[in-house]
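Please look over the sequence and the structure shown here before reading on.

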Amino acid sequence: MLSVTILFFAYCTRHDQVLDLSQPATDTGTPNTSILTSVKVSSVSGFVEQLQTGTPTFDPQWDQAPKLTVAAVVPDATFMSSNNFIGFVGNSTNVTMRSMYDANNVYFLVEWNATPNVQSAFWYYDPVAKAWAQEVTKLTVDANGIATRQGFTQDKFAMLFNIDSSCYAFKSQGCYGVCHLDVPNTTGVLQSFMHTNGAIEKLDLWWTDMIMATKYNQMSDGYEDYAAGLNYADGRHTDNQLATTPLAFSNKSTKKVKILYSNTGTSKDTCALLPMYAYPTSKAIANSNAMFLSDTVSGGAAVKVTGIDTSGILYLADGSTINPNTDYQRAGAGVGQYCIPGSFFAPFQGSRADITCNAYNTGSGWRLLIKRALKTSDALKQDVNLSNLADQPFGIGLFFNHANNQHAIVSGLTLKFQK
């Protein structure tokens, strides 16, 4: 499911928390519970790239932009027979938003306190099962709802807009109108799907993975549609993507590798659950707990995994090996220092790259700057058009604290442009 999934108006409450940021701004506006006012300015300067590399500076005009401070809360969906959020229902964090716009662009400054994280489902070696496995991607609980393992997924932030007011249910129900819980898929397994309820209905989805924000200064521009009218289909898509553009994908081998039998000296080719690429021990883990496609090119830091033996040793294409010692195993609640990232990331291109963002890890939370054209070049009704400066209903979603608290949401918000 997406991070913006379920309407929870009851949690859109006022909070006047002052965020602990390295460069606090003056609160000149009175926080409210639903309206984000975008202040009109002639231009916005100081939209600094790569804010994570040092103490950020940005346009002092932000101090004049009214704050909207709300609580993003993980909703209780059990009344809809869904256990998607079991173990972290009701967890929340305050989110403060400000906005400005000029003749061409709209800007958002989003701040929240949480333990920052950019991990990505590490591969580790399980000495008991004698196999490589991936870390859980969200909080794991037992039958009694007691937490047994923390999640290992990067923090995320999302915004959802109604394109041309086309989605009727979004107007009155927010995310409830497009979230379909516990729907049987083609094999009868219950799943949750996001899609609108009519062929002409579309929502604009802005999605931030903090790895992408801190590495490439990009926010994924996507949309949700009718999913061809199939109840069991996911209506979430990215905006049209150039055919040659690599997407983020799982670092999981889908091809046969050679398994070596050390006791007999024989081998065979077979499919195995293994990482596709790994960092040789001498290079350890790189890039803030993520792997990038640029790592996998010739001479890059990552090397392709070509085989494994019965003791768990990985064989790499450069002739080196990885011995699954304790540095590649779970270390209590954490993982060893050399555990292998579970995902690749690469720059967005085409209309998926319409949104620029800068993320700064304050040490106690995130500061996120977002920039998008009021009107993009979109011709496929995949982007919300803000150039008429009309009021825009929207919602936000948050994965925070190692994404253990997933799908925390706030719906029923309105973006109002100061004329």
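**Surroundings of Ile322**

In this predicted model, Ile322 touches Trp132, Ala278, Tyr279, Thr281, Gly312, Ile313, Leu314, Leu316 and Tyr328, leaving aside residues up to four places away in sequence.

- Ile322 belongs to strand β22, which covers residues 321-322, and with a relative accessible area of 0% Ile322 is buried.
- Although Ile322 and Thr281 are 41 residues apart in sequence, their C-alpha atoms are 6.6 Å apart in space.

**Salt bridges**

- Across the whole structure, a search finds 7 salt bridges, and one of them joins the side chains of Arg98 and Glu111 at 3.2 Å, N to O.
- Arg98 lies in strand β3 and Glu111 in strand β4, so this pair ties together parts that are 13 residues apart in sequence; both residues are buried, and together with Arg367 they are linked in a network of salt bridges.
- Arg330 and Glu135 also meet through their side chains in a salt bridge, at 2.9 Å from N to O, and because Arg330 lies in strand β23 and Glu135 in the loop between β6 and β7, the pair ties together parts that are 195 residues apart in sequence.
- Within that pair, Arg330 is partly exposed, with a relative accessible area of 37%, whereas Glu135 is buried, with a value of 3%.

**Asp155**

- Asp155, in the loop between β8 and β9, is buried yet has no salt bridge, and the nearest side chain of opposite charge, Lys156, is 9.3 Å away.
- A polar atom of the Asp155 side chain does, however, lie 2.7 Å from the backbone nitrogen of Asn117.

Notes
Residues numbered from 1 in each chain as written. Predicted model: local features only at pLDDT ≥ 70, side-chain atom pairs only at ≥ 80, totals over all residues. Heavy atoms only, no water. Helix = DSSP H or I, 4+ residues; strand = E, 2+ residues; numbered from the N terminus. Buried < 20%, exposed > 50% of the residue type's maximum accessible area, 1.4 Å probe, protein only. Lys, Arg positive; Asp, Glu negative; His and termini not counted. Salt bridge = Lys/Arg side-chain N within 4 Å of Asp/Glu carboxyl O. Polar contact = N/O pair within 3.5 Å; in protein donor to acceptor, adjacent residues only side chain to side chain. Contact = heavy atoms within 4.5 Å.
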